[in-house]
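Student: I have a structure open and some questions about it. Can we go through them one by one?
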Amino acid sequence: MTRQREQLAQTLLRLCQVVDLFAEATGTPSTLSSRQRLALAILAASGPLRLTQLAQRLGVSLPTAAHTVATLEQQGFVCRERDPHDRRAVLVAITPEGEAALDANDRRSAVIQQAIIALTDEELDELTRGLTLLLTALLQRLAGLTTTPQPAKTTSPHRRRHISAA
């Protein structure tokens, strides 16, 4: 792919990640978040891993990885199994359902890549500008949803009396 098409593909990937974050922030999560897709891809490529190993490869904390695995386990995309070399340890493994979800994601990516290849240079420029605007708008909205407003500072009634008495 040309540099311009690679940039567009990266913009679309980032857009998908932002859409996932936006969906989670508004309480309407998609089937798989970007982190869940990445976890499945790691498990598919490496085979079963301990949770600590998966957390390291994902670049997240152990509690975040545990939450990701719990969600994937509820969906039937991963399972926990005993480590055959250390019966005290538990491994996380991708299931056939998880493989199918990952395959569906790969097919979706391939369709997007083929559509990008079919665009003229002018269409590509126009789409890139439009998607950049969309990404910026979504990031601004997401920032507004995830920013917790600080409570207004008020003076307690007791403190007010003390101040007014002075």
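Student: Is Thr11 buried or exposed?
Tutor: This is a predicted model. In it, Thr11 counts as buried because its relative accessibility is 17%, and the cut-off for buried is under 20%.

Student: Where does Thr11 lie, and what does Thr11 touch?
Tutor: Thr11 lies in helix H1, residues 3-25. Leaving out residues up to four places away in sequence, Thr11 touches Leu131, Thr132 and Leu135.

Student: New topic. In the largest nonpolar core, which residues touch the most other members?
Tutor: That core has 19 residues, and Leu40, Leu43, Leu54, Leu72 and Val78 touch the most other members.

Student: Which elements give two or more residues to this core?
Tutor: Helices H2 (34-46), H3 (51-58), H4 (62-74) and H5 (96-117) do, along with strand S3 (86-94). In general, nonpolar side chains in soluble globular proteins tend to be buried together.

Student: What does Leu43 touch?
Tutor: Not counting residues up to four places away in sequence, Leu43 touches Leu49, Leu54, Val78, Val92, Ala93 and Ile94.

Student: And what is in the second core?
Tutor: The second core is separate and has nine residues, including Leu12, Leu124, Leu135 and Leu138. Leu135 is also one of the residues that Thr11 touches.

Student: Back to H2. How many residues does H2 have, and how far does H2 reach?
Tutor: H2 has 13 residues and reaches 18 Å from its first C-alpha to its last. That is close to the 18 Å expected at 1.5 Å a residue.

Student: Which residues in H2 are buried?
Tutor: Gln36, Arg37, Ala39, Leu40, Ile42 and Leu43 are buried there.

Student: What follows H2?
Tutor: Gly47 does, and its phi is positive, near 90°.

Technical notes
Residues are numbered from 1 along each chain as its sequence is written. This is a predicted model: local features need pLDDT of at least 70, side-chain atom pairs count only at pLDDT 80 or more; totals for chains, interfaces and linings use all residues. Side-chain values use heavy atoms; hydrogens and water are left out. A nonpolar core is a set of buried Ala, Val, Leu, Ile, Met, Phe, Trp, Tyr and Cys residues joined through side-chain atoms within 4.5 Å. Buried means under 20% relative accessible area, exposed over 50%, partly exposed in between (1.4 Å probe, protein chains only). Helices (H or I, at least four residues) and strands (E, at least two) are DSSP runs, numbered from the N terminus. Contact means heavy atoms within 4.5 Å. The expected span of a helix is 1.5 Å times one less than its number of residues.
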